[in-house]
Amino acid sequence: MPLQREESLSLSSKIEANGKIGFSSPSNIALVKYWGKYGDQLPQNPSISFTLDRSRTEMILEYRLKGGLDNHKAIDLTFAFEGKENKAFGDKITAFLTRLLPSNPYLGQLTFNLSSTNTFPHSAGIASSASSMSALALCICTLENRLFQNMNEVETMKKASFLARLGSGSACRSIYPLIASWGESSAIADSSNLYGTTLANDLHPVFRTYKDSILLVSKKEKDVSSRAGHKLMENNPYAAVRYEQAKNHLAQIVIALKIGDLDTFIRITELEAMTLHALMMSSSPYFLLLEPNTITVVRKIRSFRENTKIPVCFTLDAGPNIHLLYPETHQEKVHDFIHYELSPYCEQNKWIDDQVGNGPFSLF
Ligand code: PMV
């Protein structure tokens with residue numbers, strides 16, 4: 001399967017090159033975390049995530065053939081976010097597409113109008129790069145297929161995952177439903193550092209409807225970007241040990257996810273969350289993304305689990321918000337717990353009731 005075409009395809013004037021493509025693509029939440037990269041957005045360790053359902057980006061790509069025959073070189077794109085032109089995001093997407101231009105010269109022959117909206121509130125503390133870059137990658141691959149009919153569905157998804165990775169590493173996992181990994185692992189057939197791999201066929205029923213209630217402890221913009229955080233791993237004295245630990249965790253959690261072993265799932269998921277933040281705190285310079293309320297909520301979740309025996313656990317992204325993970329069958333009791341005991345520690349008592357989802361879909 002060619003991930004980057006070697007030959008240059010060029011639009012023939014006969015091709016009807018005007019149209020519209022749209023995708024809705026979800027965010028994902030990592031269980032084993034990717035933290036540390038090398039080369040061209042390649043992961044230092046394999047990772048695995050649940051694909052979410054309700055936290056999504058909807059992206060619409062309109063394209064048309066450029067007028068002048070000579071004007072075929074540069075990317076010509078406008079971008080609107082939530083209905084308003086956004087030059088800063090537009091420039092980032094233009095830079096991304098410009099990188100693809102040498103192997104995809106047809107991109108220079110079209111004019112693009114791109115627009116996107118998120119289903120979750122802006123600056124809710126939810127990273128939108130995974131949902132937006134996966135949606136964009138799916139639009140681009142669908143466009144390529146529409147113009148050249150060169151990929152089947154599996155190949156289109158693999159290439160979309162590859163392109164999403166170039167845009168924002170963890171976005172490559174959002175292409176797939178339910179559960180996806182990214183990064184070479186002896187525990188996963190067909191795993192690669194270049195693109196994500198679906199594990200949906202090896203997921204126990206209990207995890208197929210797993211809930212993720214996202215507790216918005218703070219909606220503040222984080223002061224250290226994940227790009228800077230990954231970079232700091234280059235000099236983190238614990239890096240090598242960490243990468244080994246992640247490989248072992250991945251091998252163990254893949255089995256737990258397959259057989260429905262909630263104890264192992266909880267142990268690894270929480271340890272991964274704590275390790276991610278411990279790595280931030282042990283980078284030089286160190287940084288701290290947890291808030292006091294994050295710690296309070298973590299303690300409450302552990303006591304609730306001990307007292308009720310309900311298998312609820314937490315994970316954290318690169319920020320202070322808490323993802324509360326639990327089987328759907330316990331939804332009612334956990335919702336009460338959130339409502340009465342946890343939401344007071346959330347900004348404006350806000351939380352998002354998300355769950356494992358079926359991945360991206362085409363809007364038209
Ligand atoms: O994909 P990035 O560069 O935004 O990094 C994501 C890092 C984490 O969300 C913390 C972990 C992960 O695997 O998603």
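**Reading the spaces and the ligand site**

Reply: Let's start with the largest cavity, which has a volume of about 40 Å³. Keep in mind that this is a predicted model, where local features need pLDDT of at least 70, side-chain atom pairs count only at pLDDT 80 or more, and totals for chains, interfaces and linings use all residues. Residues are numbered from 1 along each chain as its sequence is written, and side-chain values use heavy atoms, with hydrogens and water left out.

Me: What is a cavity, and which residues line the largest one?

Reply: Rolling a probe the size of a water molecule over the atoms shows where empty space is left. On a 1 Å grid over the protein atoms alone, a cavity is a set of points where a 1.4 Å probe fits but cannot get out; a pocket is an open set with protein on both sides within 12 Å along at least five of seven lines, and lining residues have an atom within 4 Å of a point. Grid points are joined across faces, edges and corners, and the volume is the space filled by probe spheres set on them. Here I48, I179, L199, D202, V254 and L257 line the largest cavity. That lining has five nonpolar residues, no polar ones and one charged.

Me: Where does the second largest pocket lie?

Reply: Domain 1 (19-203) and domain 2 (207-355) both contribute to its lining, so the second largest pocket lies between them. The domain bounds come from an automatic or database domain assignment. This pocket holds about 350 Å³ of space. Of its 17 lining residues, A189, D190, T197, T198 and L199 lie nearest the centre. By class, its lining has 10 nonpolar, three polar and four charged residues.

Me: How many residues surround the ligand, and which are the closest?

Reply: A residue is near a molecule if one of its heavy atoms lies within 4 Å of it. The ligand is surrounded by 13 residues, with Y34, S170, R173, H230 and D317 the closest. The shell splits into five nonpolar, five polar and three charged, and at least three residues come from each of domain 1 (19-203) and domain 2 (207-355).

Me: Which polar side-chain atom lies 2.8 Å from an oxygen atom of the ligand?

Reply: For a polar contact, look for a pair of N or O atoms within 3.5 Å. The one you want belongs to D317. A polar side-chain atom of S226 lies 3.1 Å from a ligand oxygen, and a backbone N or O atom of Y34 lies 2.9 Å from one. Taken alone the ligand exposes 380 Å², and the protein buries 91% of that (Shrake-Rupley method, 1.4 Å probe).

Me: Which residues does a cis peptide bond join?

Reply: Most residues other than glycine have a negative phi, and most peptide bonds are trans. In this model, S284 and P285 are joined by a cis bond, with omega about 0°. E82 has a positive phi, near 50°, and is not a glycine.

Methods:
A polar contact is a pair of N or O atoms within 3.5 Å; within protein, one must be able to donate a hydrogen and the other to accept it, and residues adjacent in sequence count only if both atoms are side-chain atoms. Ala, Val, Leu, Ile, Met, Phe, Trp, Tyr, Cys and Pro count as nonpolar, Asp, Glu, Lys and Arg as charged, and the others, Gly among them, as polar.
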